[in-house]
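Hello,

Here is the structure for your review. My notes follow below it.

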Amino acid sequence: MYGLRLLAGANIPQSDTINAIVINEAYLHVLGYQDPQKVIGVQVKEFQGSPRIVGVVADFFPHSLRDPIKPLAIASGTRGATTIGVSLQPRNGDGSNWTATLREIGKAFHDVYPNDDYDYQFVDESIAKFYTAETNISRLLLWATGLTIFISCLGLLGLVIYITNQRTKEIGIRKVIGATVTQLILLLSRDFLKLIGLAILIAMPIAWWGSQKWLDNFAYRTSLVLVGLRSRRRMPPGHRPDHPLYPDAARSPGQSGRGSQV
């Protein structure tokens, strides 16, 4: 029903009493075994009735990834059962088959347990609830990051335009003495690149520390590594006509001189 991967043995036989169990790999190691085949048929005396192990499944996460995988035994029985798993047929277009099936299950439940409350949950929705906080934080960070980048780009664009207008005469003089567009772009961008590099150096350790603290909440985690990104060769920023510094750098010396203020 849940798609668990069977490593050895067979599935649990249908029964109203617990006479056979299926264990996970964590329980296999607790019992002192490494080979799943060798534990098949072993009686577990810790359980009432000393059921035999009929199968071993691969470890899975019954809870959030924050919790480590614990030894687990799966049995089939009705005594003391509080949750019943039901596999539904694929949902049709309007979902009417699921609605009708759940309604019939509710009627059958109240026929057997008239004084108890009937409630149901889908497995995928239960799993999603484990990560509600992560989902909300992800959405908040996405909007906050986008807004921050947008405001920063507006401020940087305004600063570039202001500095460029202030140095229009200098640009014209440098072009007269033979400066190329690329050299002028590098000259005007040098101070901005220093500020951007400084901001990156300050932000990277803070981002790394925050990510490490967040990953510490999980029992199973990955390690953070710096990855160098390689992009396809493209036109340098100074040679792109859409660059904010390009119009002033490409303007003729006469136009630059006339457009400046003494």
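**Helix 6 and its surroundings**

Helix 6 covers residues 181–215, 35 residues in total. From its first C-alpha to its last it reaches 47 Å, close to the 51 Å expected at 1.5 Å a residue. Please keep in mind that this is a predicted model.

Helix 6 is bent. The bend is about 45° and sits at serine 189. Serine 189 is also one of the buried residues of helix 6.

Take leucine 188, which is found in helix 6. Its relative accessible area is 4%. The cut-off for buried is under 20%, so leucine 188 counts as buried. Threonine 164 is 24 residues away from leucine 188 in sequence, yet their C-alpha atoms are 7.4 Å apart in space.

**Helix 4 against helix 6**

How do the axes of helix 4 and helix 6 cross? Helix 4 spans residues 132–166, and its axis comes within 14 Å of that of helix 6. The crossing angle is roughly 170°. Angles over 145 degrees count as roughly antiparallel, so that is how helix 4 and helix 6 run relative to each other.

Which residues make the contact? Helix 4 brings Glu134, Leu156, Leu159, Val160 and Ile163. Helix 6 brings Phe192, Ile196 and Trp214. By class, the residues of this contact are seven nonpolar, one charged and no polar.

**The chain as a whole**

The protein chain has eight helices and four strands. Along the sequence, the pattern is β-β-α-β-β-α-α-α-α-α-α-α. The chain has 262 residues, and 19% of them count as buried. Now the contacts between residues at least 6 apart in sequence: 66% of these join residues at least 24 apart.

**A loop residue**

Is threonine 83 buried or exposed? Threonine 83 lies in the loop between strand 4 (73–75) and helix 2 (96–112). Its relative accessibility is 67%. The cut-off for exposed is over 50%, so threonine 83 counts as exposed. Tyrosine 120 is 37 residues from threonine 83 along the chain, and their C-alpha atoms are separated by 9.1 Å.

Best regards

Methods
Residues numbered from 1 in each chain as written. Predicted model: local features only at pLDDT ≥ 70, side-chain atom pairs only at ≥ 80, totals over all residues. Heavy atoms only, no water. Helix = DSSP H or I, 4+ residues; strand = E, 2+ residues; numbered from the N terminus. Expected span 1.5 Å × (residues − 1). Bend = angle between axes of the 7 residues up to and from the residue. Buried < 20%, exposed > 50% of the residue type's maximum accessible area, 1.4 Å probe, protein only. Axes fitted to C-alpha atoms, helices over the stretch in contact; angles between N-to-C directions. Parallel < 35°, antiparallel > 145°, perpendicular 65-115°, else oblique. Contact = heavy atoms within 4.5 Å. Nonpolar A, V, L, I, M, F, W, Y, C, P; charged D, E, K, R; others polar.
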